[in-house]
Amino acid sequence: MDLTRLQQQLQQPELSPVESWDPAFCGDLPLRIDVDGHWYYQDSKIARVPLIKLFASVLLCQGQEYFLQTPVEKVRIQVADVPFLITQSQWQQGEAGPELWLTTNLGDTVPLSAAYPLIRRPFAGQVLPYVQLWRGLQARLHRNLYYQLLAEAELQETQISPAGEFPGEIHLNCVIQSVGQRFLLAEERLSATDT
């Protein structure tokens, strides 16, 4: 499969949800998404945002691999970390209280919630915040937005260990509350001598 053929398959308005398709695996496509969410085909950057959005509409993650899936073909692509970045946020008032709405670099918007939770996991020697999306996909919080949300987060002292492996250790958590749920944005461990 090449990029033009894939694009032609996706131009059909009657396409069903990606999850309902079960096409044959057709190999690898020389398409990759770098750590900053930029898309490349054969090492040439794709600049057309509508084309990127079209491909992203059929992107899914299975295990640790990423695929573009059409009704008739499934091709593997390379993703350096995750395919999307969360670049903007906006607070709104909802039925369950404040809601933090997050926008990806492609313009998709989701509420931070049980359906789209904040998770923390290691990447490149750091523990970074991500949002779980649809079809196994995730988006990483952009560094600028991460620092902005840290300034808005609630600081909680969650545990003081008087004895045990780390006596006198204090756990500080930065927590964001959205749609009635609490999400851990960052945590730090301090010894009693640091405070």
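Modeller: Start with the classes. Ala, Val, Leu, Ile, Met, Phe, Trp, Tyr, Cys and Pro are nonpolar; Asp, Glu, Lys and Arg are charged; the rest, Gly included, are polar.

Biologist: How do the residues lining the largest pocket divide?

Modeller: Into 9 nonpolar, 2 polar and 3 charged. The model is predicted: local features need pLDDT of at least 70 and side-chain atom pairs 80 or more, while totals for chains, interfaces and linings use all residues. Numbering starts at 1 in each chain, and side-chain values rest on heavy atoms, without hydrogens or water.

Biologist: What makes the space a pocket and not a cavity?

Modeller: The largest pocket holds about 300 Å³. Its lining has 14 residues, and Q126, L128, R140, L141 and R143 are the closest to its centre. Elements that give two or more residues are β11, β12 and α3. β11 gives the most, 4 residues.

Biologist: Which residues line the second largest pocket?

Modeller: C61, G63, Q64, Y66, D81, V82, R121, G136, L137 and Q138. The volume of this second pocket is about 150 Å³. By class, its lining has 4 nonpolar, 4 polar and 2 charged residues.

Biologist: How many cavities of 30 Å³ or more does a search of the whole structure find?

Modeller: The search finds 1. About 40 Å³ lies in the largest cavity. L100, L102, L112, L118, V131, L141, L149, I176 and L185 line that cavity. The class count is 9 nonpolar, no polar and no charged residues.

Biologist: Why are β3 and β4 called edge strands?

Modeller: Take their sheet. It is open, with 6 strands in the order β3-β2-β1-β6-β5-β4 and mixed pairing. β3 (44–45) and β4 (59–62) each have a single partner strand, so one side of each lacks a neighbour in the sheet. Pairing needs at least two DSSP bridges. β4 and β5 (residues 65–69) are joined by 4 bridges and run antiparallel, so the pair qualifies. Within it, L60 faces F67 of β5.

Biologist: In what order do the strands β7 to β12 form a sheet?

Modeller: The order is β9-β8-β7-β12-β11-β10, open and mixed in pairing. Antiparallel β7 (84–94) and β8 (97–104) share 8 bridges. There G94 stands opposite G97.

Biologist: Why is V58 called buried?

Modeller: Buried means under 20% relative accessible area, exposed over 50%, partly exposed in between, using a 1.4 Å probe and protein chains only. V58 is at 2%, so it counts as buried. V58 sits in the loop between α2 and β4. Its C-alpha atom lies 6.8 Å from that of T70, 12 residues apart along the chain.

Biologist: Why does S113 count as buried?

Modeller: Its relative accessibility is 8%, so S113 falls in the buried class. S113 belongs to the loop between β9 and β10. Leaving out residues up to four places away in sequence, S113 touches V179 and F183. Contact here means heavy atoms within 4.5 Å.

How values were computed: On a 1 Å grid over the protein atoms alone, a cavity is a set of points where a 1.4 Å probe fits but cannot get out, and a pocket is an open set with protein on both sides within 12 Å along at least five of seven lines; lining residues have an atom within 4 Å of a point. Grid points are joined across faces, edges and corners, and a volume is the space filled by probe spheres set on the points.
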